[in-house]
Amino acid sequence: GTYDGYNDPHSLFLMKVLHDGSVAWRQVYSGRSYEEGFVRMASDRDDGFIIACAATAPGSANVDIAVLKTDAGGVLQWETSYGTPGRDVPLFVGVAPDGRYLITGGAFVRETPPPQNIDILVIATAAPQPLFLRGDSNADGEVDVSDAVNTLGYLFTGTGSVLCQDAADANDSGIIDLSDVI
């Protein structure tokens, strides 16, 4: 919901309440003016939350759909917004089987003369990328023979480039060596 705080009106808050009614944790998100009544939330595959709400950025009069991603403890991982020149509000948020976030809503567009038109918004984010893919030493999103060539170059000739040490450590031994190529 929204929270009328003393220094930051219309902050967004998220609270986990245990089965006995006690509060496990509480998080407050500020930086935008979140609108009461237009907040939608869904559980994510990682036990975190995806939240979509109508919000106004500082210094702007435009209302967009803000999307917030939290971890299981409600700690904000990222926030972004989607919008049109109109007043945009979310009506649904969900998580697709492939991990994409799906948001539907409406864009209230005023034309001259009235009446007000409402456009339907459908937002589908890109599928989330793993933090790293074990064995993908060249960071191209695939594990194939080019990773072995890259790792050999890194180890022996200085021609390979390893951006993520964990990804290049294919056997998860804690070091990058010849066994990661086999």
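Thr 125 sits in the loop between β10 (116-124) and α1 (145-157). The model is predicted: local features need pLDDT of at least 70, side-chain atom pairs count only at pLDDT 80 or more, and totals for chains, interfaces and linings use all residues. Residues are numbered from 1 along each chain as its sequence is written, and side-chain values use heavy atoms, with hydrogens and water left out. Helices (H or I, at least four residues) and strands (E, at least two) are DSSP runs, numbered from the N terminus.

Thr 125 is buried, at 12% relative accessibility. Buried means under 20% relative accessible area, exposed means over 50%, and partly exposed lies in between (1.4 Å probe, protein chains only). Not counting residues up to four places away in sequence, Thr 125 touches Tyr 82, Arg 100 and Tyr 101. Contact here means heavy atoms within 4.5 Å. The Thr 125 side chain also reaches the backbone nitrogen of Tyr 101, at 2.9 Å.

## Tyr 101 and the aromatic pairs

Two aromatic pairs are counted. Trp 78 and Tyr 101 form a tilted one, 6.0 Å centre to centre with 45° between the planes. Trp 78 belongs to strand β7 (residues 76-82) and Tyr 101 to strand β9 (residues 101-110), so this pair ties together parts that are 23 residues apart in sequence. The rule takes rings of Phe, Tyr and Trp (its six-membered ring) with centres within 6.5 Å; planes under 30 degrees apart count as stacked, over 60 as edge-to-face and the rest as tilted.

Tyr 101 is buried, with a relative accessible area of 7%. Trp 78 is partly exposed, at 33%.

Strands β2 (residues 11-17) and β3 (residues 23-29) run antiparallel and are joined by six bridges. Two strands pair if DSSP finds at least two bridges between them. Val 17 has Val 23 in β3 as its bridge partner. Five residues lie between the strands of this hairpin, and Gly 21 takes a positive phi near 90° there.

## Thr 56 in strand β5

Thr 56 is found in strand β5 (residues 49-56). Thr 56 is buried, with a relative accessible area of 16%. Leaving aside neighbours within four places in sequence, its contacts are Arg 32, Ser 33, Glu 35, Ala 61, Asn 62 and Val 63. Ser 33 is 23 residues away from Thr 56 in sequence, yet the two are 5.1 Å apart in space, C-alpha to C-alpha.

Terms used
A polar contact is a pair of N or O atoms within 3.5 Å; within protein, one must be able to donate a hydrogen and the other to accept it, and residues adjacent in sequence count only if both atoms are side-chain atoms.
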